[in-house]
Amino acid sequence: MTKPTLSVIVSTKNNRSTICKTLESIKKLTLHIDTELIIVDGLSKDGTFEVVSSFIRKSKGTFTNAILLRDPGLSLSFSRHIGYKYSKGEYLLFLDGDMVISRMFIDNIDKYLKVADAISPKTVIVPLDKFTYAFNVIVSVGNKLLESRSTFVLPILRLIRRIILDKLGGYPCFSSYFAEDQILVKLILMLPGIKVTYAHDLIIYKIDSPGLSSYIRKHLRYGEGLVKDISKIGKSILRREILLRQFRFLNVFLPLDSLAVVLYSTLMLKTLIRRAKLIDIACLKYMINLAMLLGVIKSYIKDVNIVGSMKASLK
């Protein structure tokens, strides 16, 4: 078996509606670079596993190696660690089952592999409705801050030289779903001599579910994760980021964070956004902060109820 230059590790869970687009975009990479495909499915219930299995059968010979694995689906970080363990590539690209590699990514990947050890591609949310449009503006503000090398925003390192993860003992599993990528970034930045870069022309499209409710559900889960997903080691690594996240809860009572995002989007993105769109952006940012705060409260209430039940059982 030829040793691949790149191992693409895709974590999936109930991504039937988007996974075909993800896989077809990865397939185009093989025309430019030796690519290994590893899919780690978290016990999907919507047929994702079967769709991926069919794709691998039909794509026989396209990839240097193609593997479909299953894990319990309880931890995104563990899913990525499994992918790392089975991979052979010099570089590892971590994707989710709702992400699509752009043509720009394929055209420009070689130049970054030659100069960097850990690379943060640019994420673009596909604007399917006013809420995904608004969230893309919020993400774009973060992208602009990364371009200006601001330390206010952590880069999301998705393309990483294998030797770095070897030094870390694999993908760190100090969180289940919330901030697992931030923990990885902080640990990589602690390593000496590592070249980290943000790549504005390595674009990855993310297909979020349209509608406000999908963002509320997701950030409720993130709020719970802030309390219960992150281990003590993870919380120690992310001490600054957790404090900043908690500070942003003040936006629920005094929406300065929402206003700041609107201001940055008009000044930094240099685009003309209609007033209605500005309102959508501010409202979505407010609802995201509110959902996360409610998730934190929900998690603490659950913990109190569990402790109360345990005390009652001991009487």
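Among contacts (heavy atoms within 4.5 Å) in the protein chain between residues at least 6 apart in sequence, 82% join residues at least 24 apart. The model is predicted, so local features need pLDDT of at least 70 and side-chain atom pairs count only at pLDDT 80 or more, while totals for chains, interfaces and linings use all residues. Residues are numbered from 1 along each chain as its sequence is written, and side-chain values use heavy atoms, with hydrogens and water left out.

Of the 315 residues in the protein chain, 53% are buried, which means under 20% relative accessible area with a 1.4 Å probe, protein chains only.

Strand E4 (91–96) is largely enclosed by the rest of the structure, because six of its six residues are buried; strands here are DSSP runs (E, at least two residues) and helices are DSSP runs (H or I, at least four), numbered from the N terminus. Tyr 91, Leu 93 and Leu 95 lie on one side of E4, and Leu 92, Phe 94 and Asp 96 on the other. E4 pairs with two strands, pairing requiring that DSSP finds at least two bridges, as tabulated here.

Helix H3 (residues 76–86) is mostly covered, with eight of its eleven residues buried, among them Leu 76, Arg 80 and Tyr 84. The cover over the buried residues of H3 includes E4 itself, strand E1 (6–12) and helix H7 (180–190).

How values were computed. Buried means under 20% relative accessible area, exposed over 50%, partly exposed in between (1.4 Å probe, protein chains only).
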